[in-house]
Amino acid sequence: MSGELRLTGLTRVHGRGRPPALDGLDLAVPAGSCVAVLGPSGSGKSTVLRLTAGLDEPTRGSVHLDGRDLAGVPPERRGVAMVFQRPLLFPHLSARDNVAYADRVRGAPRRRARARAAEFLDLVGLAGLGDRAPRELSSGQEQRVALARALAAEPRVLLLDEPFSALDAPLREEMHELLVDLRARLAPTVLLVTHDPAEAAALADTVAVLEAGRLQQHGPVAELHARPASLSVSRLLGGRTEVPGQVRAGVHHSPLGALALPGPVADGPGVLVVRPEAVALAAGHADVTGTVVRVRYRGLRPLVTVDAGGVAVHAELTPGDDVVAGAVVGLRLPVAARHVVPVRPG
Amino acid sequence: MGLIGRRAAARPGRAVLATRLGRAVLAAWLVLPLVPLLLWAVADRWSAPAVLPQELGTDGLRDALAAGGPAALARSTALGAAVAVLATPLGALAARALVVHRVPRPGAVLAVLLSPLVLPPFAVALGLDVLLLRLRVPATAGVVLLLTVAALPYTTIVLRAALAAQDRGFEEEARTLGATPWQVLRGVQVPLLAPALAGAAFLAFLVGWSDYVVTLLVGGGRLVTLPLLIGSAASATGNEAQVAVLSLTAVLPPLALLALVGVPGRRARGGRR
């Protein structure tokens, strides 16, 4: 049930004179993989799914599924299924008949469609709840039914449009686990849209960052974290430290001092970025010394902002690293974690 | 009933009392006119000064049967049903065009659709009667046609509101699950709209059921429905009992229908959280 999806030059302009919602997107989703499209609201990420599903027509560009051009193919004949942020369970059907819907509209006898629906409900951990009406389900259960309903359609590509955003944190964790399990069992091709970098990291093999309708960067999560192509990608993935300076002979010069870079970087102006979780308190030699200006906590981990010569350096320390505001601390910025983003002209 | 509701029930506040009083007045307003009607229907003799009928009996019923009440009842039912069957889908189409497809100048289109509400039916019926006669449209078909147009504003308004409130996501979800537009209409949209469709059909039925002017003028007196029969009976004197029986016959079926229509409506509303 997994197909290979390829988007080429996909462009959508909603109205004359308006900037394109999506601008020349090239994206490949290999069979059985999960690609997350990550972007802030209004970045055009939902448009990607609507064009793929055939709910909107692209202004330019094409959608290929297993090599076949889907231009002009109506949504019901594309072999894709979509799960929206709202569960959208048909209120006049039971949970089981919702899941059986795809089989029913394709002409399967009711008994067989229901038997298969029961299997899919079992798969999402809702065995025995088939007779419930949608209004009798919790929001987490509703979204599980929606997922089962989409899977029961046996799509070649499963499209997930922020499917877990409306759920509270523990439920979202549960759904992430469920999706990881389902991927291990069924290996569907998944195109996921989300604004949450943690969700993208938890679920996807590769992440495509979209901003203002344009693809900024596409790669494995680790690569996006370690080597963001732009400041906006860095920020979207939770990067906070940004140090403007000059690169000369593989060394970044800034108010923080001269910091050697891990790989070859062209000379010229560049912004040094270091992820907060890579920064640690220095036991001996410190790369940077500064004054703690703010401490807050994520769980047990202190999130510290250090003012070093007028530059803010953000660090996510390990539990037990007790620092207080006003203290002078030395920080280690591991060479491998240093990355320079070129300054775009203009 | 929530906490607040229970507290209010235990010690009715002023607002609650006012609400109850309002409801009682409203109920009296609706029910009181039926009381003399009920009394007249079973009164064989009820002369002026007496508060209650002096003699009870079934003369009214007998006269109503003799005057062709059952046939008129059947004709009214058929007329109401025909108008409902035509005006409901037409209203649904108009509503969908207004809500979904963004017709050019929707305000003007809506104004045209609502115009039957504004124009005096007598003038419309008289004018169109001439046209229908010239076109040799059979009288009964002409009545159905005109009343369907008269019912369109009601069905359009009801269905437009329901469609506007409906989440288009249901339709899109069904399409990606493999349903053709026709299957979406049958399996998703119509069931979701069922309460509104029932309400619209009920209103359209009432337009046909209760019409007098169009049926009289365009029907040329050949289509004798309940309102026509009541009108002719009431214009004569001395047969109040018959008029009362016929009037009750005209009032009770819509009430029964209303109860029927109200049931799916409530069930669907209960489904929303």
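Predicted model: local features only at pLDDT ≥ 70, side-chain atom pairs only at ≥ 80, totals over all residues.

**Entry 1: the model and chain A**

I started with chain A and its secondary structure, which comes to 9 helices and 20 strands. I then looked up the extent of the C-alpha trace, and along the principal axes of chain A it spans about 75 × 45 × 35 Å. Chain A has 346 residues, and 50% of them are buried.

I also checked how far apart in sequence the contacting residues are. Taking contacts in chain A between residues at least 6 apart, I get 66% that join residues at least 24 apart. The accessible surface of chain A is about 15,100 Å², and carbon and sulfur atoms account for 51% of that.

**Entry 2: nonpolar cores**

Which residues have the most contacts inside the largest nonpolar core? My list reads A:Tyr101, A:Leu147, A:Leu191 and A:Val207, in a core of 87 residues. Helix 5 of chain A, residues 139-152, gives the largest share of this core, with 7 residues.

**Entry 3: a nonpolar patch on chain B**

B:Leu26, B:Trp29, B:Leu30, B:Val31, B:Leu32 and B:Val35 make a nonpolar surface patch of about 670 Å². Helix 2 of chain B, residues 14-31, supplies the largest share of that patch, 4 residues. I looked up B:Trp29 by itself: it sits in helix 2 of chain B, and I call it exposed because its relative accessibility is 67%.

**Entry 4: A:Glu162**

Is A:Glu162 buried or exposed? It is buried, since its relative accessible area is 9% and the cut-off for buried is under 20%. I find A:Glu162 in the loop between strand 7 (157-161) and helix 6 (169-186) of chain A.

What does its side chain pair with? I have a polar contact of 2.6 Å to the side chain of A:Ser165 and another of 2.7 Å to the side chain of A:His195. Setting aside residues up to four places away in sequence, A:Glu162 touches A:Lys45, A:Gln85, A:Val193, A:Thr194 and A:His195.

**Entry 5: positive phi**

A:Asp66 has a positive phi, near 50 degrees. A:Asp66 lies in the loop between strand 4 (60-65) and strand 5 (68-69) of chain A, and at 39% relative accessibility I put it down as partly exposed.

A:Leu88 also has a positive phi, about 55 degrees, without being a glycine. Its loop runs between strand 6 (80-83) and helix 2 (95-99) of chain A. With a relative accessible area of 5%, A:Leu88 is buried.

**Entry 6: salt bridges**

I looked at B:Glu172 with A:Arg50, where the closest N and O atoms are 2.6 Å apart. This pair joins two chains, because B:Glu172 is in helix 9 (residues 168-176) of chain B and A:Arg50 is in helix 1 (residues 45-53) of chain A. B:Glu172 counts as buried at 13% relative accessibility.

A:Arg114 and A:Asp97 form a salt bridge too, with the closest N and O atoms 2.8 Å apart. A:Arg114 is in helix 4 (residues 110-123) and A:Asp97 in helix 2 of chain A, so the bridge ties together parts 17 residues apart in sequence. A:Arg114 is partly exposed at 31%, whereas A:Asp97 is buried at 16%.

For A:Glu242 and A:Arg235 I have a salt bridge with the closest N and O atoms 2.8 Å apart. A:Glu242 is partly exposed at 24%, and A:Arg235 is partly exposed at 49%. I close with a network: salt bridges with shared partners link A:Arg50, A:Asp56 and B:Glu172.

Definitions and conventions
Residues numbered from 1 in each chain as written. Chains lettered and ligands numbered in written order. Heavy atoms only, no water. Patch = residues over 30% accessible without salt bridge, like charges linked within 9 Å, V, L, I, M, F, W, Y side chains within 5 Å. Areas by Shrake-Rupley, 256 points an atom, 1.4 Å probe, with all protein chains shown as cover. Salt bridge = Lys/Arg side-chain N within 4 Å of Asp/Glu carboxyl O. Buried < 20%, exposed > 50% of the residue type's maximum accessible area, 1.4 Å probe, protein only. Polar contact = N/O pair within 3.5 Å; in protein donor to acceptor, adjacent residues only side chain to side chain. Contact = heavy atoms within 4.5 Å. Core = buried A, V, L, I, M, F, W, Y, C linked by side-chain atoms within 4.5 Å.
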